[in-house]
Amino acid sequence: MARKRSPGGTRIRPQFWERYPLEELSTAEWEALCDGCGKCCLNKLEDEETGEVALTRVACRLFDDETCRCSQYDIRKQIVPECVVLKPEDLETVSYWLPLTCAYKLIHEGQPLYPWHPLLSGRAESVHEAGVSAQNITVPEFEVDEEEWEDHIIEEPN
Ligand code: SF4
Ligand code: SF4
């Protein structure tokens, strides 16, 4: 999963996440809203009957566990075609599988950001220090058979 969108713009307005709808954010604001937790790059299991989504620690093959970032962000769609590009207009349909702490999901649902969000703490590391990121907790998907993903389910927010 990723988080790019098209409209452009480099401005970042004060408290933009509280003052403007997601559709009106500049590209820079949209990018800044990502807390860098990396949990959207973890594989999920969805119960076909209940629709319940469980997060696993089995990470996408391009996920860098140390930086919590995509290792091939610019060409990721060529390598992982199923990587979802997150856009404001799609949140209604995709937010159900986003992590509970995802900033896009929170704002979309009218919830405030957590104090550890880098926009509030002023530090990118605060998301890791709060224990809510995927840093150093993952196993690569090429090392775990899909039938065994269930053994790697993690409880959010960790
Ligand atoms: S889950 Fe949301 S906030 Fe966290 S890295 Fe993914 S898009 Fe960013
Ligand atoms: S390709 Fe994988 S690691 Fe990269 S953004 Fe998409 S889900 Fe995350």
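Select Cys-37 to begin: does it count as buried or exposed? Cys-37 counts as buried because it has 23 C-beta neighbours inside 10 Å (buried means 20 or more other C-beta atoms within 10 Å of a residue's own, exposed 12 or fewer, partly exposed in between, with C-beta atoms placed from the backbone). This is a predicted model, where local features need pLDDT of at least 70 and side-chain atom pairs count only at pLDDT 80 or more, while totals for chains, interfaces and linings use all residues. Residues are numbered from 1 along each chain as its sequence is written, and chains are lettered from A and ligands numbered from 1 in the order in which they are written.

Stay with Cys-37, which sits in the loop between α2 and β1 (42-46); helices (H or I, at least four residues) and strands (E, at least two) are DSSP runs numbered from the N terminus.

Next, show ligand 1. Around it are 13 residues, with Cys-34, Asp-35, Cys-37, Cys-40 and Cys-102 coming nearest (a residue counts as near if its C-beta atom, placed from the backbone, lies within 6 Å).

Move on to ligand 2, surrounded by ten residues, the closest being Cys-41, Cys-60, Cys-70, Arg-76 and Cys-83.

Finally, select Leu-33, Cys-41, Ala-59, Ala-103 and Tyr-104, the residues with the most contacts inside the largest nonpolar core, which has 27 residues (a set of buried Ala, Val, Leu, Ile, Met, Phe, Trp, Tyr and Cys residues joined through C-beta atoms within 7 Å). Its largest share, four residues, comes from α5.
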